[in-house]
Amino acid sequence: MRDRALPALIADETITPAASLWTGSRLWLDSFREAGLQRGDRLLISLSPSAAFAQVVVAALWQGVTLVMLPPEADIDAHLASMDARAAVTDQGMRCGVPTSACATPHTWRPEGLTGPAEPPKSLRDVTGPRTPDVRFLLSTSGTTGSPTWVALSDRNVLSVLATHMPLLGLRNARTLSVLPWDHAFGLVLDFLPALLSEAEIIRDPNGGRDPEELLRLARAWGATHLTAVPLVIDRIADADGGPGMLCSLDGGIVGGAPVSGSLAQLLSGTSLRAGYGQTEASPGIALGPPGHWAANYLGQPLGCCVDIADDGELHFSGDNACIGVWREGQLEREDPDRRVATGDLALRKGDDLFFRGRTDNTFKLSNGRLVAAGHVESVVKQRFTSIEEAFLFSPDGDNVALAIRLKEPNSTAPSREAICNAIGSISQRLIEVRSIPEKDWHRTPKGTVARTEMDAFLQRTFSKEASSSSSAPSSSS
């Protein structure tokens, strides 16, 4: 970075040259060393995506500390204790304006623009456990190993993914429009680090992809060539005026974090964007698709690891990308590096291509003991009927099942119950209703996937009210 004059980061209309990032990183490194921060000490990072974030991460990697990545609004005091960390770096003090518990800890560095830390912490926190020099990142996930879980990634884990993915991303002389949170594995390992290591210019969206009009403005103003995002952000862009054209103009990027619907896959087939699949436990690279190669629920092709589908349909992987362990109850629990890791995802393999078929935990039992694989049924319905954008299978009474669907076009005709029964196999004997639910009533996670617990509760309430109304209505006499 020292000798590069080109912008490295564009955020809040401010251009930060690479040389400025390098200078600030050296100031942070000096401060870390003067305070006595050593290799393997755990350091919390709670910063908004910015030039200061880049400087701190570079300095921390240089010093060999273990980085505990937190969102900008995290409770610093609570995490210092739970992660047994020595100190934190946060810009909360500048944002909140008044002292709070998160801003008042004495074990905290704060950035002063691009000129390094404002001042060193009053002290480093005393810790009770050993250092973790072979852990580079501790990242929170609500994925396959529990909710929430802190996944420990080593240099070997992260570098293995960068080594296989970066040559395919084409980021040399690129300008990447960055919307993902950098404290999560997807944004950190497949957005921020590849751009930094490829000397690409990073155009940071301060809204995190929530405002498609602002995204389009940034893309036009700065000449964005790449975008890595979750399907929800791509959907927002596609619905905006000029959005499909912008997506088609991009030279590359990854769409991942959630399955892609059939209609969005059709749009993406005309772009250079790739399907990406992985989990925090996989650092987070398992599969990557060719540019413009899309279909409903497409995950990509295995990359940098070994993948197999178990007899029950669950996808497993093994390789250098498998995390070295998890942080639980104040200590690191190590895993066998040569293990097969169960992802909790059901998948179908067709040649080199992987397709999402649902989650192993998206199941429920009927009163007769029958196990219903809801995710698999939903996947079959969406693949068989192109008019259906979303499907959600649930049991309204414990004995039978019902299917909620969302049509791509609100005024289009839904497939008949008979047609759906013919598609879903023996569970059709228990299917009592297919109901179209409007978009406003679909409950979603921040990534855009269906929030299953909330959606099930909403549908249960709806069916319960209808049953009560039906039972309380006066009967007509013949």
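**Notes on the sheets and helix packing**

1. Start with the open sheet of 8 strands, whose order is β6-β5-β3-β4-β7-β8-β18-β19 and whose pairing is mixed. At its edges sit β6 (108–109) and β19 (331–334), each of them pairing on one side only. Keep in mind throughout that this is a predicted model.

2. Inside that sheet, have a look at β3 (residues 42–46) and β4 (residues 66–69): the two run parallel and are joined by 4 bridges.

3. Next, the helix pair α1 (residues 18–35) and α2 (residues 51–63). Their axes come within 8 Å and cross at roughly 50 degrees, so α1 and α2 are oblique to each other. The crossing of this pair is right-handed.

4. What does the α1 and α2 contact consist of, by class? There are 12 nonpolar, 5 polar and 2 charged residues in the contact of α1 with α2. On the α1 side the list includes Trp 22, Trp 28, Leu 29 and Phe 32, along with Arg 26 and Arg 33. The α2 side brings, among others, Ala 51, Val 56, Val 58 and Trp 62, and also Gln 55 and Gln 63.

5. Strand β25 (residues 401–407) runs parallel to β26, with 5 bridges joining them, and Val 401 has Leu 431 as its bridge partner in β26.

6. The crossing is right-handed. Val 377, Val 380, Val 381 and Arg 384 of α11 meet Ile 420, Ala 423 and Ile 424 of α12. By class, this contact has 6 nonpolar residues, no polar ones and 1 charged.

7. For another bit of strand pairing, go to β15 (residues 298–302). Strand β14 (residues 287–288) runs antiparallel to β15, joined by 2 bridges, and Leu 288 has Gln 301 as its bridge partner in β15. β15 also pairs with β21 (residues 353–359), in the antiparallel sense and over 2 bridges. In that pairing, Gly 300 has Leu 354 of β21 as its bridge partner.

8. Last, the charged pairs. How many salt bridges does a search of the whole structure find? The count is 21. One to check by eye is Arg 175 with Glu 201, whose side chains meet at 2.6 Å, N to O. Arg 175 lies in strand β9 (residues 175–178) and Glu 201 in strand β10 (residues 201–204), so this pair ties together parts that are 26 residues apart in sequence.

Note on methods: Residues numbered from 1 in each chain as written. Predicted model: local features only at pLDDT ≥ 70, side-chain atom pairs only at ≥ 80, totals over all residues. Heavy atoms only, no water. Left-handed = near helix turned anticlockwise from the far one by under 90°. Contact = heavy atoms within 4.5 Å. Nonpolar A, V, L, I, M, F, W, Y, C, P; charged D, E, K, R; others polar. Pairing = 2+ DSSP bridges. Salt bridge = Lys/Arg side-chain N within 4 Å of Asp/Glu carboxyl O. Axes fitted to C-alpha atoms, helices over the stretch in contact; angles between N-to-C directions. Parallel < 35°, antiparallel > 145°, perpendicular 65-115°, else oblique.
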